[in-house]
Amino acid sequence: MDAINQDLTGQSLQDFLQSELTTLCSNLDETYSVLLQKWIGTELKGHLERLDQEQEKKVKHYQDEIGSHENNIKKIQGLAKNNKKALEDQVQRLTDLRQELKILTTQTQSALQQGEQLHSEISNTQQNIHHRNEALKGTSQDTEKTHKELEQALGFYRDRLDMHFQKISGGRLQYCFSSVDKENPDVTCCFCLKINGDRTYTVSDFSPELDGVQELEEKLNSTNDLRSFIVAVRKKFVKALNPSK
């Protein structure tokens with residue numbers, strides 16, 4: 001055995017083991033020294049400080065990001081609040097506009113109805129005016145015709161009744177009789193007659209005044225017999241001037 005060990009190492013096994021143990025111890029001492037200096041000494045402290053700095057940077061970075069996100073959230077919340085208020089304002093404005101439109105529509109319909117009613121009233125008024133104008137035109141023509149008839153009748157009685165007439169103010173005709181009183185041939189008796197728009201007669205201004213004129217006027221308007229009326233008036237004048245006859 002000793003021979004084999006001597007052959008392998010050139011020294012005894014004990015010397016070999018002692019040498020290996022010495023080398024191992026030396027390596028362990030170096031390793032421990034390195035570890036002590038690098039991980040337990042100043043390098044470990046520096047490494048830890050660097051880790052703390054990096055951690056602080058990361059924490060600050062995350063805090064900044066969190067703060068930024070919080071600010072964005074606040075902005076979003078503010079915008080949402082403003083948008084909600086703006087939306088509420090728009091909804092209220094839309095409601096007001098709809099109400100105004102409803103009122104305007106009602107007013108427009110009322111105005112249209114009033115316009116139609118006014119148009120109908122204007123049309124009716126125009127028709128009434130037209131009818132009245134036609135009636136007045138016909139009345140004017142009838143009045144003119146009656147005047148002509150009166151002139152013809154008066155022409156017939158002028159010589160027999162010693163009567164003459166003339167147009168005076170107010171659209172009236174004044175009739176005057178002469179030779180009513182044989183004893184006073186210069187005495188003249190007069191009265192006025194007016195033809196109204198409805199073709200009735202109005203008599204007035206008797207000179208001298210006569211009794212029973214109202215009855216004569218009513219009879220004239222009921223019979224439309226102007227000749228008989230004139231004869232009756234002349235007889236009343238004769239009787240008034242000659243009461244004893």
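This is a predicted model: local features need pLDDT of at least 70, side-chain atom pairs count only at pLDDT 80 or more; totals for chains, interfaces and linings use all residues.
**Notebook: sheet, helices and rings**

**Helix H4.** I then looked up which residues of H4 are buried, and found Val 213, Leu 216, Glu 217 and Leu 220. These four cover an arc of only 100° around the axis, which puts them on the same side of H4. I noted for myself that an α-helix has 3.6 residues a turn, so residues three or four places apart point the same way. On the face turned away from the buried side of H4, I found the exposed residues Glu 215, Lys 219 and Ser 222. I also asked what the buried residues of H4 pack against; the partners are E3, E4 and H5.

**The sheet.** I next followed the strands, of which four form an open sheet in the order E1-E2-E3-E4, with antiparallel pairing. Strand E1 (163-168) and strand E4 (201-207) are the edge strands, each pairing on one side only, and the twist from one strand to the next averages 25°. Looking at one pairing in detail, I saw that strand E3, residues 189-195, joins E4 in the antiparallel sense over five bridges, and that Leu 193 stands opposite Val 203 in E4.

**Helices on the sheet.** I recorded that helix H4 (residues 213-223) packs on the sheet and touches E3 and E4, its direction making about 150° with that of E4. Helix H5 (residues 226-241) also packs on the sheet, where it touches E1, strand E2 (172-177), E3 and E4, and its direction makes about 155° with that of E3.

**Aromatic rings.** How many aromatic pairs does a search of the whole structure find? I read off seven, and I looked up two of them. The rings of Tyr 175 and Phe 191 have centres 5.1 Å apart and planes at 20°, so this pair is stacked. The pair links distant parts of the chain, with Tyr 175 in strand E2 and Phe 191 in strand E3, 16 residues apart, and both Tyr 175 and Phe 191 are buried. For Phe 206 and Phe 237 I found ring centres 6.3 Å apart and planes at 45°, so that pair is tilted. Phe 206 lies in strand E4 and Phe 237 in helix H5, 31 residues apart, so the pair again links distant parts of the chain; Phe 206 and Phe 237 are likewise buried. As a last entry, I wrote down that ring pairs link Phe 165, Tyr 175, Phe 177, Phe 191, Phe 206, Phe 229 and Phe 237 into a cluster.

Terms used. Residues are numbered from 1 along each chain as its sequence is written. Side-chain values use heavy atoms; hydrogens and water are left out. Two strands pair if DSSP finds at least two bridges between them. Helices (H or I, at least four residues) and strands (E, at least two) are DSSP runs, numbered from the N terminus. Axes are lines fitted to C-alpha atoms, for helices over the stretch in contact, and angles run from 0 to 180 degrees between N-to-C directions. Contact means heavy atoms within 4.5 Å. Rings of Phe, Tyr and Trp (its six-membered ring) pair if their centres lie within 6.5 Å; planes under 30 degrees apart count as stacked, over 60 as edge-to-face and the rest as tilted. Buried means under 20% relative accessible area, exposed over 50%, partly exposed in between (1.4 Å probe, protein chains only). The arc is that of the directions from the helix axis to the C-beta atoms.
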